[in-house]
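Please open the structure in your viewer and keep the sequence panel beside it. The stops below go from the whole chain to pairs of elements and then to a single residue.

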Amino acid sequence: MAARHIGRPRASSREVLAEAACELFLERGYEQTSIADIATRAGVSRSSFFNYFGSKADLLWGGFDERTDVAVAALSLGEASTRQILSDMAAGFAPDSLALAVAHAHTMGIGDELWRERAMRQARLARAVAERARRDGMAPLAAEVHGAAAAAAVLAAIWTWADAGPGRTELAVVIGEALDGVPGLCAGAVNAPPRAIPCVASAT
């Protein structure tokens with residue numbers, strides 16, 4: 001006969017730990033919640049927490065970081081357009097702990113922390129896009145600006161999507177709209193040569 005478990009099921013995934021953390025952040029605030037508190041709420045040992053995350057911040061960004069890893073690798077391989085690779089970051093992106101934190105940053109007292117972590121991840125993505133642009137023949141300065149704009153568009157789209165209430169619209173749609181504002185990445189110029197990056201609506 002199978003043993004019965006009473007109480008909260010033992011955490012066996014990153015998602016369960018993230019859920020427990022978000023509950024506590026909403027109840028107590030981000031700074032007032034320790035890793036030990038999160039582990040206890042999730043039903044695991046403190047050391048088990050570090051099997052999944054390196055810090056409280058990583059807990060919120062886990063899903064995004066995985067997608068960034070894939071995007072950076074794809075940009076390095078160059079087998080798809082930059083726009084397609086960045087757009088693919090939204091594929092299957094359901095409301096998660098990051099979206100919840102963005103939407104409830106004030107209640108959680110996490111606003112400054114989110115912006116610091118956002119800046120680091122935005123810089124990583126910008127660097128990968130810029131390196132791809134340089135390999136494709138774009139001048140170094142233009143590539144840096146291009147990379148910064150593209151990465152900012154992705155993060156701004158996620159913030160806009162979350163602030164509006166994650167799940168009310170598809171993240172892919174919001175990212176698409178954001179990328180339309182980046183020269184060379186607008187929908188009509190996906191395959192444009194790297195030096196012909198402006199995307200300006202035709203005059204009527």
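**The whole chain**

Select the entire protein chain, bearing in mind that this is a predicted model, and colour it by secondary structure: there are 10 helices and 0 strands, so that, by the definition of helices and strands as DSSP runs, the pattern read along the sequence is α-α-α-α-α-α-α-α-α-α.

**H4 and H8**

Next, select helix H4, residues 56-77, together with helix H8, residues 111-135, and look along their axes, which come within 10 Å and cross at roughly 5°. That angle makes H4 roughly parallel to H8, since angles under 35 degrees count as such. When the residues of this contact are coloured by class, those of H4 with H8 divide into 12 nonpolar, 2 polar and 10 charged.

**Threonine 68**

Staying with H4, centre the view on threonine 68, which has its place in this helix. Is threonine 68 buried or exposed? Its relative accessible area is 2%, and threonine 68 is therefore buried, the cut-off for that class being under 20%. To see what surrounds this residue, leave aside the neighbours within four places in sequence and show the remaining contacts of threonine 68, which are with Met89, Arg124 and Leu125.

**H9 and H10**

For the last stop, select helix H9, residues 140-163, and helix H10, residues 171-179, whose axes come within 8 Å and cross at roughly 140°. This makes H9 oblique to H10, because only angles over 145 count as roughly antiparallel. The crossing in which H9 passes H10 is right-handed.

Which residues in H9 meet H10? Show side chains for Ala150, Ala153, Val154, Ala157, Ile158, Thr160 and Trp161 in H9, and then for Leu171, Val174, Ile175, Ala178 and Leu179 in H10, which are the residues that they meet.

Definitions and conventions. Residues are numbered from 1 along each chain as its sequence is written. This is a predicted model: local features need pLDDT of at least 70, side-chain atom pairs count only at pLDDT 80 or more; totals for chains, interfaces and linings use all residues. Side-chain values use heavy atoms; hydrogens and water are left out. Axes are lines fitted to C-alpha atoms, for helices over the stretch in contact, and angles run from 0 to 180 degrees between N-to-C directions. Helices (H or I, at least four residues) and strands (E, at least two) are DSSP runs, numbered from the N terminus. Angles under 35 degrees count as roughly parallel, over 145 as roughly antiparallel, 65 to 115 as roughly perpendicular and the rest as oblique. A crossing is left-handed if the near helix is turned anticlockwise from the far one by less than a right angle, and right-handed if clockwise. Contact means heavy atoms within 4.5 Å. Ala, Val, Leu, Ile, Met, Phe, Trp, Tyr, Cys and Pro count as nonpolar, Asp, Glu, Lys and Arg as charged, and the others, Gly among them, as polar. Buried means under 20% relative accessible area, exposed over 50%, partly exposed in between (1.4 Å probe, protein chains only).
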